[in-house]
Every structure is written in C-alpha cells, then in structure tokens.
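Look at the sequence and the model below.

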Amino acid sequence: MHELGICDAMLKMVRGIMKDEELTEITRITVEVGSLSGVVSSYLADCWVAVTDGTELQDTEFVIEDLPGTAQCMDCGEEFTADVNDLRCPKCRGNKLVPLTGRDLTLKEILAP
Ligand SMILES: [Zn+2]
C-alpha cells in the first residue's frame, strides 16, 4: 500500500500549504503522476478518499493527470515514450532501459474558492 503513504504525506503537505496561505477551504487538488513513478492512479484516488474521509478535505475534488514517462535504451540509445505495459525498446526490443522522465509524483495545483 505504497499509495496510502503517499496520500497521507500529500494530505499533510496540503494542510501545510493551507496554513501558510491562510486558506480555510480548497475546492480542487491536481496531482501529476508520472507513468514510471510506480504509482497506480486509480489506487491513488481510492487512497485519497480513504485518508480524507471525515476531514475538512473530504469534498475537495481530486484530479489526477497522468504524465507519460520517457526512457532510453542502453543497447541502441533510442529515446522513447515508455509504455508501462511493455517496457522494452521499440527499436531493438532490448529491455535494458534507463528512465529519463515520468518518475515523479507532483502536487501540481491547489485551487481555493
Ligand atoms: Zn534499443
């Protein structure tokens, strides 16, 4: 349950921002999830509901934007958009890949009313 820990940390982060910005409520949170981050968007949404249930953030809209990651093949040097369901080089079918982007999960936007 990797996602549950992430949501817990994110909730703390959001509350910290609300305190700093003196916000009493927020309407929407947007999170960007890289396809190579290892985070499953649907689990993340479920976990967010679980951690915010009964809190001041339970009615806040939670938006997840999937960001396609890119990788490079160590055999032929090809750079491409990584397909998490088929992690092989599209050119030589090699499987020695180095992730270039898409490994992060970012709290992108917090929208206040
Ligand atoms: Zn290759």
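In this predicted model, Thr30 stands opposite Val63, a residue of β2. The two strands β1 and β2 run parallel and are joined by 7 bridges. They belong to an open sheet of 3 strands, ordered β2-β1-β6, in which the pairing is mixed. Because β2 (61–67) and β6 (105–111) each have a single partner strand, they stand at the edges, and one side of each is left without a neighbour in the sheet. From one strand to the next, the twist averages 20°.

Helix α2 lies across β1 and β2. The table gives the direction of each helix relative to one of the strands.

| Helix | Strands involved | Angle |
|---|---|---|
| α2 | β1 and β2 | about 160° to β2 |

Which residues touch the most other members of the largest nonpolar core? They are Ile6, Cys7 and Leu44, in a core of 13 residues. Two or more residues of this core come from each of α1 (2–20), β1 (28–34) and α2 (41–52). The element that gives the most is α2, with 4 residues.

Apart from neighbours within four places in sequence, Leu44 is in contact with Glu3, Ile6, Cys7, Val33, Val39 and Ile64.

Asn95 gives a view of a loop. This residue is found between β4 (79–81) and β5. Is Asn95 buried or exposed? Asn95 has 12 C-beta neighbours inside 10 Å, and a residue with 12 or fewer is exposed, so Asn95 counts as exposed. Leaving out neighbours within four places in sequence, Asn95 is in contact with Leu87 and Arg88. Gly77 is 18 residues away from Asn95 along the chain, and the C-alpha atoms of these two residues are separated by 12 Å.

The last topic is the confidence of the prediction. The mean pLDDT of the protein is 94, and 99% of its residues reach 70 or more. Among the elements, β1 has the highest mean pLDDT, at 97, while strand β5 (residues 97–101) has the lowest, at 94.

How values were computed
Residues are numbered from 1 along each chain as its sequence is written. This is a predicted model: local features need pLDDT of at least 70, side-chain atom pairs count only at pLDDT 80 or more; totals for chains, interfaces and linings use all residues. A nonpolar core is a set of buried Ala, Val, Leu, Ile, Met, Phe, Trp, Tyr and Cys residues joined through C-beta atoms within 7 Å. A residue is buried if 20 or more other C-beta atoms lie within 10 Å of its own, exposed if 12 or fewer, and partly exposed in between; C-beta atoms are placed from the backbone. Two residues are in contact if their C-beta atoms, placed from the backbone, lie within 7 Å. Two strands pair if DSSP finds at least two bridges between them. Axes are lines fitted to C-alpha atoms, for helices over the stretch in contact, and angles run from 0 to 180 degrees between N-to-C directions. pLDDT is the predictor's confidence in each residue, from 0 to 100.
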